[in-house]
Amino acid sequence: MDILFTGLLLGGTYALIAMGLNLQYGMARIMNLANGEFLVAGGFAAFWFFTAAGVSPLLTVFVVAPLAFAANWLIYVVFLRPLVRRAKSHGQLEVDAILTTFGLAFVLVGLKLAFFGGDYFSYSYLARPVTFIGETYALNRVVAFVAAVIICGGLWLWLNTTRAGISIRAIAVAPDSARLVGINVTRLSALAFALGGAVTAVGGALVSTFLTLDASTGVLFTLKALIIVIMGGVGDVRGTIVAALMLGILETFVATVFDPGLTLAAAYLLFVLILLFRPQGLFGRRQA
Amino acid sequence: MTGTETRNLALAVALFVAAAWLPFLGGAYLLTLGVTIAMYTVLATSWALFSGPTHYISLATAAFFGLGTYTTGLGIEHLDYWLLLPIAAILGAVLAALVGLATLRLSGVYFVIFTLGLAELIRQLVTWSQNVSGQKGLYVLTDLTEVHIYWQLLGLAAIVYLGGWLIGRSRLGFALRIIGDDEEVARHSGINTARAKILLFMVSGAAASVTGAILAPRYIYIEPALAFTPMLSFQVVIMALLGGTGRLWGPVVGVIPFTFLWEAISASFPNQTTLLLGVSFLVIVYLLPKGFVGLLVAIRQRLDAREGFA
């Protein structure tokens with residue numbers, strides 16, 4: 001029971017992070033391997049504002065989101081759009097995007113190391129116990145979970161009810177046909193990419209309240225988010241949430257029962273099973 | 001064999017003989033540099049054997065390398081060193097086959113993600129088993145010196161080049177070039193695409209694993225963080241792409257300058273190597289999409305065209 005709820009709490013924040021990547025990979029069609037770096041940047045901003053000025057991470061989010069949005073929009077327009085234009089095939093774009101975003105990830109890590117050093121950063125925010133059905137949980141995890149649920153819910157509503165949201169989902173399903181029905185694919189892809197970056201950075205600010213981050217942990221989060229997105233089905237919001245919760249519970253289970261050092265191994269096990277048996281994702285349909 | 005082939009073969013043999021003389025030129029630093037270059041030449045060339053024609057970016061080099069290192073580390077007390085090298089090759093090929101079976105039937109992205117985490121996964125498992133058994137690191141004590149390691153790596157490089165040349169002429173190499181051009185076409189013309197890709201990935205994995213096994217005596221003390229360092233995978237990708245994967249001799253053209261650059265940067269700015277990796281990736285994508293080889297080919301074409309008009 002304890003494992004289940006702790007896992008759900010962790011999974012909720014994973015869902016938010018993976019949602020950011022899903023917007024970038026599923027909707028904007030760019031495999032962004034620098035995604036985790038924005039998570040660390042968001043976490044770092046929260047840490048800095050909290051230790052320097054005592055600002056709550058929940059408020060920092062409102063600074064982090066627009067900054068990450070702008071940064072990711074710039075990355076899309078400056079680095080990725082030329083690649084989309086020059087790519088002769090989808091495979092070529094994929095290889096180019098992977099190399100470019102790897103490069104960007106390393107540049108970001110390098111800059112962070114140069115300016116802030118390689119130390120772990122953590123701070124104590126809302127580290128109080130709360131009791132729920134006879135078990136105690138850390139308040140910061142609960143708060144992060146609630147915030148993640150609110151943001152995921154808002155995103156889901158936006159994607160399903162607004163014109164821009166529905167258009168972005170149309171691009172995710174059929175990028176070529178979307179253009180034919182008058183959707184501005186170029187502009188909306190940039191929007192989805194920027195939004196994805198912002199969502200992940202907000203996730204980072206929330207995660208930093210209860211996890212210790214350092215300049216080089218970004219890639220681990222990218223990896224987890226990728227596993228979640230593929231498991232849930234690329235471009236599938238509902239699948240992403242279910243997959244994130246599953247991963248959260250599995251990781252908590254492995255960390256509690258076996259060894260906290262084996263969480264990635266657990267995520268990998270899940271990944272291999274998905275690749276072998278349902279490569280199209282939990283709810284995806286097999287492509288013809 | 002045609003005239004050009006005989007000439008190329010003679011040139012290659014001459015270069016290898018020249019490279020083998022390096023230890024006699026004296027200078028411990030020169031030899032250390034030689035070992036590093038020979039190691040990356042083997043790793044980058046065998047990487048390009050698979051990733052060049054198929055465009056699948058493998059980040060599993062560190063996993064294979066670490067596997068080989070641990071083969072020597074664990075086996076040296078029980079078996080003869082020369083027996084360990086083929087064992088490392090077999091283990092590398094088996095690991096590559098397993099990874100390939102899980103991912104190579106699917107699109108390239110799955111493969112990249114899977115290989116990206118593979119070294120970290122094995123590292124976690126090794127660390128965990130060491131925690132359980134209470135053993136921390138491994139000592140590899142042999143009477144092999146730097147010179148021996150250098151010559152072994154040169155020998156391995158010769159095998160990799162010869163193997164790559166033979167594969168390029170075989171049905172397998174032909175099949176892979178078609179897969180790289182258009183996998184759909186390859187499938188329709190009756191090529192078992194998954195099998196071809198897995199076979200070549202096994203060759204590449206075996207070579208990287210043997211490299212790790214050869215280098216283990218150099219480290220003397222092996223621990224997971226050293227054997228499975230993720231940086232290695234990225235360095236190999238950059239060197240191979242920088243040189244160009246279109247030709248067998250392409251990667252080494254990238255290995256030599258990048259090794260010097262890397263040594264210079266890590267000597268004067270040890271914290272900026274990550275930044276260097278990042279910038280190199282961007283340079284490759286935006287300025288040198290076909291590597292130095294592509295640049296040379298383009299220059300030669302331009303010269304030929306000018307002569308044609310004159």
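1. Conventions and confidence. Residues are numbered from 1 along each chain as its sequence is written, while chains are lettered from A and ligands numbered from 1 in the order in which they are written. Since the model is predicted, local features need pLDDT of at least 70 and side-chain atom pairs count only at pLDDT 80 or more, whereas totals for chains, interfaces and linings use all residues. Chain B has a mean pLDDT of 87, with 98% of its residues at 70 or more; pLDDT is the predictor's confidence in each residue, from 0 to 100. The scores of the model are ipTM 0.83 and pTM 0.88.

2. Chain B overall. Chain B holds 14 helices and 2 strands, which are DSSP runs numbered from the N terminus (helices H or I, at least four residues; strands E, at least two). Its radius of gyration, taken over C-alpha atoms, is 20 Å, close to the 19 Å that the globule rule gives for 310 residues, so chain B is as compact as a globular protein of that length; the rule is 2.2 Å times the number of residues to the power 0.38. Buried residues make up 46% of the 310 residues in chain B, where buried means 20 or more other C-beta atoms within 10 Å of a residue's own, exposed 12 or fewer, and partly exposed in between, with C-beta atoms placed from the backbone.

3. Helix α11 of chain B. Because 12 of its 13 residues are buried, α11(B) is largely enclosed by the rest of the structure; among them are B:F234, B:M239 and B:G243. B:G244, which follows α11(B), has a positive phi near 115°.

4. B:G180. This residue lies in helix α7 (residues 171-181) of chain B and is partly exposed, with 17 other C-beta atoms within 10 Å. Leaving aside neighbours within four places in sequence, B:G180 is in contact with B:P53, B:T54 and B:H55, contact meaning that the C-beta atoms, placed from the backbone, lie within 7 Å.

5. The interface. In the model, 32 residues of chain A are in contact with 29 residues of chain B. On the side of chain A that touches chain B, the largest share, 18 residues, comes from α4(A).

Definitions and conventions. Contact = placed C-beta atoms within 7 Å.
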